[in-house]
Amino acid sequence: MDHYAGLDVSLEETAICVVDGTGRIVKEVRAASEPEALIAALRATGLPLERVGLEACSLTAWLHDELRQAGLPAICIETRQANATMKTMPNKTDRNNARALAQIMRTGWFRPVHVKSRPCRLWRSLLVARRTVLNEMRSIENVVRAILREGGVKLGTPARAAFAGRVRELTSDDALLMPLVEPLLAILATMGDQLARLTKQVLDITRQEEVCRRLMSVPGVGPITALAFRATIDRPDRFRRSRDVGAHLGLTPARYQSGETDISGKVSRCGDELARTALYEAAHTLLVRSRKGSALRAWGMKVAKARGMARARVAVARKLAVILHRMWSDETEFRFGKEPGPGLAAT
């Protein structure tokens with residue numbers, strides 16, 4: 001008889017439950033959340049395991065890869081699906097969660113989550129680190145602006161490279177403000193150096209990655225967007241149709257239908273936020289800053305004229321997701337298409 005295991009992974013310890021084909025609990029143990037300990041615990045049961053289920057979490061990719069290499073049929077499942085089953089339990093405990101995961105594995109009522117390759121996971125971590133530094137720099141800049149406003153000093157909108165010089169110029173004669181802002185400016189200088197280092201790593205990777213170089217042939221798509229898309233998709237053959245990528249990244253409208261009610265709302269935002277934001281920014285660049293005309297830009301400007309620029313950005317971002325996937329799958333370059341007419345060019 002086949003057996004199925006559910007693993008409820010936490011930072012230090014993992015609850016393991018093994019059930020048979022009828023759903024009867026055969027074995028329950030706990031082990032350290034380390035690949036060696038989990039492999040030893042599963043093999044110690046002496047049972048033939050058909051599926052071993054893990055809920056998606058920060059440790060899942062690491063554990064999944066190690067269990068697979070050890071010959072165990074590890075499967076990662078979506079957190080929302082796991083939670084839907086776990087909510088049927090009267091009490092939420094690690095033991096009950098492991099039981100629920102084991103039953104999900106037995107019934108087959110799950111959709112496996114693609115576990116990305118290690119390079120893609122590291123690339124995404126690099127992009128997250130860079131974005132975090134950039135966001136913290138913005139926060140510190142806003143604090144400096146607030147301190148200056150308390151002293152009646154209006155900074156204006158200097159470029160980031162000129163920010164510190166402009167602040168020192170305005171506060172050099174103020175013995176009270178200067179001691180407050182100087183430490184923050186020193187922190188910004190250090191963070192700026194580290195941001196440049198992280199950005200250089202992104203540029204080095206995109207130069208070496210053939211896929212990224214191909215994706216960057218699309219107007220508006222730079223190294224950040226190309227690497228974010230490459231790291232998020234991982235393998236283009238995961239998607240049967242290119243248009244499925246837009247839905248995967250949360251760029252299609254959410255829908256609620258029940259009886260006579262049928263509502264299409266805002267975009268679902270259910271996918272990877274990093275890639276979705278990068279595509280949205282690329283769409284903005286394509287529509288506003290791109291100087292070379294293309295059929296995609298002409299279509300986007302037509303949408304902007306009819307429905308507004310905000311919706312046009314989302315629509316173009318969705319189109320970009322489809323186009324980038326098709327270019328990757330077919331190993332083709334971006335086709336600019338027909339040049340826009342005079343009316344569209346002036347829009």
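By class, the lining of the second largest pocket comprises 9 nonpolar, 3 polar and 7 charged residues. Here Ala, Val, Leu, Ile, Met, Phe, Trp, Tyr, Cys and Pro count as nonpolar, Asp, Glu, Lys and Arg as charged, and the others, Gly among them, as polar. The model is predicted, and local features need pLDDT of at least 70, side-chain atom pairs count only at pLDDT 80 or more, and totals for chains, interfaces and linings use all residues. Residues are numbered from 1 along each chain as its sequence is written, and side-chain values use heavy atoms, with hydrogens and water left out.

The second largest pocket has a volume of about 640 Å³. Its lining has 19 residues, of which Lys266, Val267, Ala310, Arg311 and Val314 are the closest to the centre. Strand 7 (261–267), helix 11, helix 12 and helix 13 each give two or more residues to this lining. Helix 13 provides the largest share, 5 residues. Helices (H or I, at least four residues) and strands (E, at least two) are DSSP runs, numbered from the N terminus. Pockets were located on a 1 Å grid over the protein atoms alone: a pocket is an open set of points where a 1.4 Å probe fits, with protein on both sides within 12 Å along at least five of seven lines, and lining residues have an atom within 4 Å of a point. Grid points are joined across faces, edges and corners, and a volume is the space filled by probe spheres set on the points.

The largest pocket has a volume of about 1,400 Å³. It is lined by 33 residues, and Val113, His114, Lys116, Arg238 and His248 are the closest to its centre. Helix 2, helix 3 (79–86), helix 5 and helix 10 (244–248) each supply at least two lining residues. The largest share, 6 residues, belongs to helix 2. This lining divides into 11 nonpolar, 10 polar and 12 charged residues.

The largest nonpolar core has 62 residues. Such a core is a set of buried Ala, Val, Leu, Ile, Met, Phe, Trp, Tyr and Cys residues joined through side-chain atoms within 4.5 Å. Leu148, Val167, Phe229, Leu249, Leu279 and Leu320 have the most contacts inside it. At least two core residues come from each of helix 5 (118–150), helix 6 (160–171), helix 7 (178–208), helix 8 (210–215), helix 9 (223–233), helix 11 (273–288), helix 12 (295–307) and helix 13 (309–330). Helix 5 gives the largest share, 11 residues. Beyond its neighbours within four places in sequence, Val167 is in contact (heavy atoms within 4.5 Å) with Val144, Leu148, Leu155, Val181 and Leu185. Another core, of 18 residues, lies apart from the largest one and includes Val9, Val52, Leu63 and Leu67.

Leu42 lies in helix 1 (residues 35–44). At 3% relative accessibility, Leu42 counts as buried; buried means under 20% relative accessible area, exposed over 50%, and partly exposed in between (1.4 Å probe, protein chains only). Leu42 and Val18 are 24 residues apart in sequence, yet 8.9 Å apart in space, C-alpha to C-alpha.

Thr60 belongs to helix 2 (residues 60–69). Thr60 is buried, with a relative accessible area of 2%. A polar atom of its side chain lies 2.7 Å from the backbone oxygen of Glu55. With neighbours within four places in sequence set aside, Thr60 is in contact with Leu54, Glu55 and Cys76.

Helix 9 is largely enclosed by the rest of the structure, because 9 of its 11 residues are buried. The buried residues are Thr225, Ala226, Leu227, Ala228, Phe229, Arg230, Ala231, Thr232 and Ile233. Their cover includes helix 5, helix 7, helix 8, helix 10, helix 11 and helix 13.

Asp234 follows helix 9 and lies in the loop between helix 9 and helix 10. Asp234 has a positive phi of about 70 degrees, although it is not a glycine. Asp234 is buried, at 9% relative accessible area. Arg269 also is not a glycine and has a positive phi, of about 55 degrees. Arg269 sits in the loop between strand 7 and helix 11. At 62% relative accessibility, Arg269 counts as exposed.

Key
A polar contact is a pair of N or O atoms within 3.5 Å; within protein, one must be able to donate a hydrogen and the other to accept it, and residues adjacent in sequence count only if both atoms are side-chain atoms.
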